[in-house]
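The following exercises concern a complex of protein chains. Each task is followed by a solution in steps.

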Amino acid sequence: MTTLDPAALDLKVGFEIHQQLGTQSKLFCNCECRDATHYDTSFVRKLRPTQSELGAFDPAAMFEFSKMRTVEYRAAKGTSCLVEADEEPPHNVSRQALETALLFSLALKSKVMDEIHVMRKIVIDGSNTTGFQRTMLVASGGQLEVGGKRVGVQSICLEEDAAKLIDDSKGNRTFGLDRLGVPLVEIALEPVTGKPDEIMQVALTLGRLLRASKRVARGLGTIRQDVNVSILNGAVVEVKGVQQLDQLLKVIEYEMQRQHGLVMIAQKLLERGVSAAVIGNRIEDVSDLMKKSGSDKVREILSAKDSMFTAIKVGGFSGMIGLEPYPGIRLGRELGKMVRFYDLNGVFHSDELPNYGIAGDEVAEIRKRLELGEKDAFVLVGGPRNKVEPATKAIVQRLIAALDGVPAETRAATAEGQTVFLRPRPGAARMYPETDIPTISVTDSLLNSLADKVPRPWDHEVESLAKKYELNNKLASQVFDSDYLGIFERVAKATRIPPTFIASKLTEDLLSLQRQGYNTSLLAEDAISEIFSKLDSGSIAKESLVPIFEMLMKEKGMTVDAAIKATGSSSMSDENLGKILDGVIEENMAMVREKGMAATSMLMGRSMAVLRGKADGQKINAMLKDKLGKLVK
Amino acid sequence: MQLSLNNNGGYRGKGFDLLSSRRLSVGDTVKIETEDGEILGVIMPRYESASDEYLAVKLKSGYNTGVNISRIRSISKLAAKDPGPVAPAIQIPENKNLPRVALISTGGTIASKIDYRTGGVRAALSASELYSSVPELARIAWIDPEVLLSEYSENLKPSHWSMIAEKVAEKIGAGHYRGVVISHGTDTMHYTAAALSFALQNLPVPVVLVGAQRSSDRPSSDAAINLMGAVTFASESDLAGVFVAMHAGTSDDSVAIHVGSRVRKNHTSRRDAFESIGATPIAHVKAGKIELKSNQFQVAKRSNKAELKLRPAFDARVLLVKYYPGLDFGIIDYAVGAGCRAIILEGSGLGHVSNEAFPFLRKAIEAGVMVCMTSQCIWGRVRMTVYDTGRDLLDIGVVPLSDMISEAATVKAMWTVANTSDIQSARNLMQDNLANEISDSIPID
């Protein structure tokens with residue numbers, strides 16, 4: 001990747017961190033906050049856009065509705081009830097969740113609202129059964145200290161998490177209701193400037209502060225970052241769904257390139273004097289021309305029911321749709337990604353044609369039909385009529401927006417650290433009051449009562465963790481930042497195993513397994529605690545811990561006992577151990593005779609080759625020495 | 001909860017004083033200085049029940065927040081209320097090839113709209129609003145909407161039932177409607193359905209009541225699907241009579257059509273709160289198609305020749321009494337003294353009340369009050385010959401009402417006493433099956 005200078009581009013990055021809280025119950029009902037292992041029941045719904053309280057339709061909501069489909073919801077007892085099904089009004093806001101949000105506000109010196117109003121934020125992608133997300137502004141202003149610098153806090157909100165997308169294929173979405181309604185704290189920071197890795201430090205610091213409260217959920221997906229990225233002459237682009245910090249770094253770098261590339265294209269268009277008036281001023285149905293095409297792809301598209309092709313004139317754009325200022329950054333690609341949201345994949349443009357089996361004379365015919373000049377380009381889009389029509393409008397709008405460079409839109413982060421179009425940026429029009437829930441007044445006496453519960457900064461917490469369990473600072477911070485702090489403390493309290501050993505297994509060893517591609521989500525906390533307690537009682541050896549972890553992460557649904565068996569890790573009795581060692585000594589009797597006690601280390605190596613994971617190394621060593629000692633005497 | 005606001009945008013006390021002394025009103029953009037800094041926003045309405053200590057303000061982010069009035073140092077108006085974008089006029093499609101349906105709006109969740117600028121709640125079933133919120137209707141029928149009432153259904157009275165019945169008769173009299181749809185609040189929709197079942201006899205077309213359990217200002221509202229189901233049934237069904245159209249289940253895929261005299265709201269909040277009692281719904285409307293489900297009832301066929309008989313009178317002097325252990329039967333004395341003309345008992349089990357009631361009931365019946373028995377079990381028939389108590393009650397003159405649900409029985413009693421001149425014909429009429437309020441047999445299911 002080409003490295004751009006963030007300072008020259010005036011890179012600004014704003015973070016919005018969404019952190020799930022570790023509360024007993026959901027935000028608006030008494031259901032538990034945990035993932036369902038299976039679902040008991042399902043139902044289907046359709047959502048419709050509505051006017052906001054200011055009388056306007058939200059563009060993002062209209063966009064979603066324009067590709068409206070049926071949504072299926074799956075529910076499981078214990079983790080969802082009629083409230084999540086939108087079949088019962090919400091209960092009052094969870095006091096525990098509200099208290100946590102207030103504590104974060106106090107920790108960030110943010111000004112708590114006098115009275116909190118629950119709002120409905122329209123979201124009709126199906127991720128909320130109601131068609132809106134309930135959210136409330138808890139505090140605004142404040143600051144976060146990051147390495148001696150202060151980053152401003154914009155707002156702190158308490159909101160409900162969305163349902164979990166299980167499937168999004170064949171035009172139908174399926175969501176699980178177990179995650180819907182889990183309390184989230186959303187903290188938005190003021191945009192910061194600097195190098196991407198400095199910016200990353202901001203996200204890390206905020207995440208650590210939240211975890212220091214010990215009131216947040218831990219594990220994959222419990223913290224999500226939305227990132228607002230803008231550069232000079234660009235627009236604010238919101239990127240959703242960044243889950244890991246290293247992905248965040250890539251996303252920032254990718255957006256810098258993408259936005260700079262789009263700004264460069266806009267400058268070229270400006271030099272050419274292209275205006276919006278000649279973009280999409282001519283749109284023709286060219287299905288008749290395309291029917292004659294020899295292209296397999298075209299034929300496949302036209303074989304679907306009620307299919308068509310439209311050709312859109314894009315005046316002055318010749319060479320611009322395919323232009324690639326940075327690798328992979330092209331207007332053509334932006335269009336291709338965008339039309340996928342209409343379930344289309346048949347979009348072609350004149351800069352890439354003839355190609356895909358579309359021949360030169362077909363291109364000439366289309367140009368003739370649209371009466372294009374030499375500098376004009378066209379875009380061709382094919383598929384079912386009901387999708388092509390809105391997609392055509394969206395393409396014209398997107399190309400007009402190219403004149404200004406970067407459109408303000410919401411994009412999704414990919415696992416590779418790129419971003420793809422998600423929807424236009426929503427406006428304030430999508431918020432209206434949740435009239436089912438009374439407003440909450442926040443009294444000074446409530447805030448005063450919380451003062452001694454305010455989370456301490458991360459380094460204080462790490463220090464006291466290190467002290468309490470006699471860990472070095474590095475290990476303490478690793479445990480603290482990991483998903484295993486809770487289980488670490490439980491195991492350390494319940495067993496006689498040295499905390500340093502527990503900590504290193506739960507951080508360094510698990511991290512190394514994760515890097516090797518093992519799925520740590522298959523390693524349940526209960527299993528971890530069972531394994532350590534077996535170690536504590538001597539029924540497994542400490543060498544066998546990592547192989548057992550490995551086995552459990554290999555296969556879903558495996559029990560600890562089965563893993564112990566499969567890895568042959570159960571400790572053997574002293575009697576059996578003695579027999580095996582006797583066997584090893586006998587096999588190497590010549591060496592014992594020759595070297596005496598000096599043969600110990602050699603014999604130790606041979607014994608371990610047989611016994612690794614089955615018995616404790618120190619014990620083997622002691623027994624071996626004992627046997628040799630007697631023999632040599 | 002719906003916003004219910006007065007003309008001051010819900011402000012009273014301190015809030016009202018602040019706004020009126022500064023000549024501010026809801027919708028104004030203001031700058032507020034407080035001890036902690038400056039707030040820019042638009043003044044929003046407040047619930048009447050909420051505390052008067054705070055000013056509701058919409059911030060630029062779209063969030064509303066409450067500002068403690070005692071902390072406000074100064075407040076100044078930056079801009080007056082923005083009248084907002086004017087909704088483009090919707091071309092009302094008058095597709096003359098489609099069946100014509102009259103839509104009478106009476107209020108409730110399905111037809112209400114919150115005006116967030118003024119805080120008022122108003123009927124939202126003008127023709128253009130209807131088509132803009134449910135454009136699919138234009139493909140099903142040519143609809144003539146009319147706003148008759150704008151009431152939550154808990155505020156409706158028997159006099160409103162008469163009004164609605166007369167309005168339906170007027171529409172049918174016009175001769176060109178394939179059916180009539182009535183939008184209605186759900187709380188008492190089953191009472192209105194029963195009332196119309198008795199007041200509109202020998203109907204030539206279907207009359208379909210429809211409501212919503214989620215208000216139409218929510219993306220997940222059931223209003224549009226219920227309305228489409230009701231209009232489809234009203235325009236296409238070959239049946240005639242009074243029906244209720246509501247969600248068949250929690251999914252948005254099927255609307256159940258219930259016989260008007262046999263339906264009850266059985267859940268406070270679910271979309272499928274309405275259920276046919278002792279029966280399956282007569283039909284479902286699924287993906288725009290009517291699927292008949294039950295032939296348990298003698299439901300009339302649609303007929304041009306049928307001559308509507310309008311009997312719109314109701315006498316509200318009827319008391320519904322739910323029996324429970326410890327009930328003070330002095331209430332019956334009181335009711336008789338207050339001029340009550342009929343008492344519907346919602347007895348226990350097969351139709352019983354404590355024998356302590358006997359002297360009170362005897363006195364009421366002797367005074368010319370009709371006393372009838374239904375069961376609080378909701379499902380099943382009363383049978384008062386099985387136990388001594390039932391037989392004693394029959395001897396006293398209590399009229400057993402078979403499997404009529406107590407709400408329908410109450411409405412029928414109001415209608416019966418208004419449409420008969422003597423007690424014996426009233427007792428007989430109560431036991432006649434007029435609109436499937438009594439079923440011949442209850443199926444095993």
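**Exercise 1. The pairing between the chains**

Task: Determine in which sense strand E5 of chain A and E4(B) pair, and over how many bridges.

**Exercise 2. The side of chain B that touches chain A**

Task: Describe the contact between the two chains, stating how many residues of each take part.

Solution. Step one: the contact involves 36 residues of chain B and 42 residues of chain A. Step two: on the chain B side, strand E3 (54-58) and strand E4 (64-68) each supply at least two residues. Step three: E4(B) gives the largest share of this side, namely five residues. Step four: by class, the chain B side consists of 12 nonpolar, 14 polar and 10 charged residues.

**Exercise 3. Confidence**

Task: State which stretch of chain B has a pLDDT below 50, and decide how such a stretch should be read.

Solution. Step one: the average pLDDT of chain B is 90, and 90% of its residues score at least 70. Step two: residues 1-5 of chain B have a pLDDT below 50, although this stretch has 20 contacts in the model beyond near neighbours in sequence. Step three: where pLDDT is low, predicted coordinates should not be read in detail. Step four: for the complex, the predictor gives an ipTM of 0.92 and a pTM of 0.82.

**Exercise 4. A sheet in chain A**

Task: Give the order of the strands in the open sheet of four strands in chain A, and explain why one side of E15 and of E17 is left without a neighbour in the sheet.

Solution. Step one: the order is E15-E16-E18-E17, with antiparallel pairing. Step two: strand E15 (279-285) and strand E17 (346-349) of chain A stand at the edges and each has a single partner strand, so one side of each lacks a neighbour in the sheet. Step three: from one strand to the next, the twist averages 20°. Step four: E15(A) is joined by four bridges to strand E16 (residues 307-314) of chain A; in this pairing, A:Glu284 has A:Ala311 in E16(A) as its bridge partner. Step five: helix H9 (residues 360-369) of chain A lies across E15, E16 and E18 at about 105° to E18(A). Helix H10 (residues 385-401) of chain A also lies across E15, E16 and E18, running at about 155° to E18(A).

Notes: Residues are numbered from 1 along each chain as its sequence is written. Chains are lettered from A and ligands numbered from 1 in the order in which they are written. This is a predicted model: local features need pLDDT of at least 70, side-chain atom pairs count only at pLDDT 80 or more; totals for chains, interfaces and linings use all residues. Two residues are in contact if their C-beta atoms, placed from the backbone, lie within 7 Å. Ala, Val, Leu, Ile, Met, Phe, Trp, Tyr, Cys and Pro count as nonpolar, Asp, Glu, Lys and Arg as charged, and the others, Gly among them, as polar. Two strands pair if DSSP finds at least two bridges between them. pLDDT is the predictor's confidence in each residue, from 0 to 100. Axes are lines fitted to C-alpha atoms, for helices over the stretch in contact, and angles run from 0 to 180 degrees between N-to-C directions.
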